[in-house]
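Student: Could you walk me through a two-chain model, one feature at a time? I would like the general idea, and then the case in hand.

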Amino acid sequence: MSERLRSLLFAGGLCLVCSLLLTAASTGLQRFQAHNIRIEKRRNILKAVGLIEGEKTLSERDIERIYEARIRKFWVTPEGDLVDADQRKEGDLPLYVWLEGGAIRAYVVPVESRGLWGKIYGYLALKNDGTTIAGFTVFKHAETPGLGGEIEKAYFQKKWIGKKIVDKDGTFVSVSIVRGAVKDTIPGEMQAHYVDGISGATLTGRYLSAGIRQVLETYEPVSIRFRMDRVQRPE
Amino acid sequence: MPDAVKRNRLQRLRKSPSYKALAKALWEANPISKQILGICSSLAVTVQMKTALVMAVSLTLVVAFSSLIISSLRRAIPPNIRIMVEVTVIATLVVLADECLRAFMYEVSRQLSVFVGLIITNCIVLGRAEGYALSNPPWRSFVDGLANGIGYGSVLVGVAFFRELLGSGTFFGYPVVPPFFYKMGYVNNGLMRLAPGAFIIIGLFVWLEHTMLSKKKG
């Protein structure tokens, strides 16, 4: 009995010490990690709109400088109007906008999708025509490295550029990932709405397609405004 | 005769248990190329020198300190829950290492992704804890852990050196293949950037070591 009690006490003590250590490390390092994540988010937003090309690595200061100069964060009302953070209401959606000389060049919607092993977080940038995808990036995911994890690779993300979220009649169709190659599976005129899949990552592709469709549907009011060139925004 | 004294000292050093443990882990019983342990991570993180080096350092620190802690506690650890205790100690150290990487080397930690966390299940770490630290004093266990980590890391960095050089033409990210090579038609070997390339390189390392060791034995 005393043997068993000793094991229990030892295990309890060890767990206590270890959890204290981990808590201390986690709280102590939070500040640095939060800073890294903020930079990483900004880097991904810039990458999505094409302000950082491909795999080019920029210093933190450069990222901050370009971001501050070009990107502004707005909130989208259910009607599709853009408002500043101080006028935001419950239910408004965050939107990042690339401003160049007072005109909007592109807008970025945050993507939060189901994945195979966990959530996929990223950004989808659309051109100011409200139709064409300017870029797609993933900044956090838990997919299998080498399979679903390939969604974070440049070769996969490059395929999204230029795809259309509405067909030529103006009906919303979203953009989906197919199983296999687009040119073998999808008829000609529809190819603009599909992206090549990753082999071994069919489920990741399916979940991400659904996630992107949902995000784009939620942002349709503002996308429609962009298509009609009638975007209301604070100066 | 100072020369003789020196030689004598060297011989004595060679016979010391720390030296023997070090030599064994680095060469005669190298975790990767001799014991074929830790292959999974060595395939995954050896595309670039930088990730391989960070992984090697993280694993070395984890093995060394887990061995030190487990060895210091070896008389207190109840035998019936010893594996659980070992894994708890290892897991705590690995999570600490991962948190530090995330705070100070974010880019590298993203590239290493799950593989830092997977150090917990790396057979080298538990193997040293179970096979050495439980029955040896703390200092020797620490050295043993350090040696095994370096033994693992040396193969990792060696593999990464060839993979980065042949696969991307760079060394720690700096281009080393002269541009006129490319002009004359030289192409980076894409296979080296994929996992099968690592298999081939590791295979060559294993071959090299086994041949040299068997020659030594005569």
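Student: What should I know before I start?

Tutor: This is a predicted model, in which local features need pLDDT of at least 70 and side-chain atom pairs count only at pLDDT 80 or more, while totals for chains, interfaces and linings use all residues. Residues are numbered from 1 along each chain as its sequence is written, chains are lettered from A and ligands numbered from 1 in the order in which they are written, and side-chain values use heavy atoms, with hydrogens and water left out.

Student: How many helices and strands does chain A have?

Tutor: Helices (H or I, at least four residues) and strands (E, at least two) are DSSP runs, numbered from the N terminus. Chain A has six helices and eight strands, in the order α-α-β-β-β-β-β-β-α-β-α-β-α-α. Its C-alpha trace spans about 80 × 45 × 35 Å along the principal axes.

Student: And which pattern does chain B follow?

Tutor: Chain B reads α-α-α-α-α-α-α-α-α-β-β-α-α, with eleven helices and two strands. The C-alpha atoms of chain B fill a box of roughly 65 × 50 × 30 Å along the principal axes.

Student: How do I read burial and surface?

Tutor: A residue is buried under 20% relative accessible area, exposed over 50% and partly exposed in between (1.4 Å probe, protein chains only). Buried residues are 43% of the 235 in chain A and 42% of the 218 in chain B. Areas come from the Shrake-Rupley method with a 1.4 Å probe, and for residues only the protein chains shown count as cover. Chain A has an accessible surface of about 12800 Å², with 54% belonging to carbon and sulfur atoms. For chain B the surface is about 11600 Å², and carbon and sulfur atoms hold 69% of it.

Student: What share of the contacts joins residues at least 24 apart?

Tutor: A contact means heavy atoms within 4.5 Å. Taking pairs at least 6 apart in sequence, residues at least 24 apart account for 51% of the contacts in chain A and 76% in chain B.

Student: How are the charges placed?

Tutor: Lys and Arg count as positive and Asp and Glu as negative, while His and the chain ends are not counted. Each charge is placed at NZ of Lys, CZ of Arg, CG of Asp or CD of Glu. In chain A, the centres of 35 positive and 29 negative side chains lie 4 Å apart. In chain B, the mean positions of 23 positive and 10 negative charges are 9 Å apart.

Student: Where is empty space left?

Tutor: Rolling a probe the size of a water molecule over the atoms shows where empty space is left. On a 1 Å grid over the protein atoms alone, a cavity is a set of points where a 1.4 Å probe fits but cannot get out, and a pocket is an open set with protein on both sides within 12 Å along at least five of seven lines; lining residues have an atom within 4 Å of a point. Points are joined across faces, edges and corners, and a volume is the space filled by probe spheres set on them. The second largest pocket holds about 300 Å³. Of its 20 lining residues, those closest to the centre are A:Lys47, A:Gly50, A:Ala134, A:Gly135 and A:Ile161. Strand 6 of chain A gives the largest share of this lining, four residues.

Student: How many cavities of 30 Å³ or more are there?

Tutor: The search of the whole structure finds one. The lining of the largest cavity includes A:Ile151, A:Phe156 and A:Gly197.

Student: Which residues does B:Leu96 touch?

Tutor: B:Leu96 sits in helix 5 (residues 82–104) of chain B. Leaving aside neighbours within four places in sequence, B:Leu96 is in contact with A:Leu21, A:Leu22 and A:Ala25.
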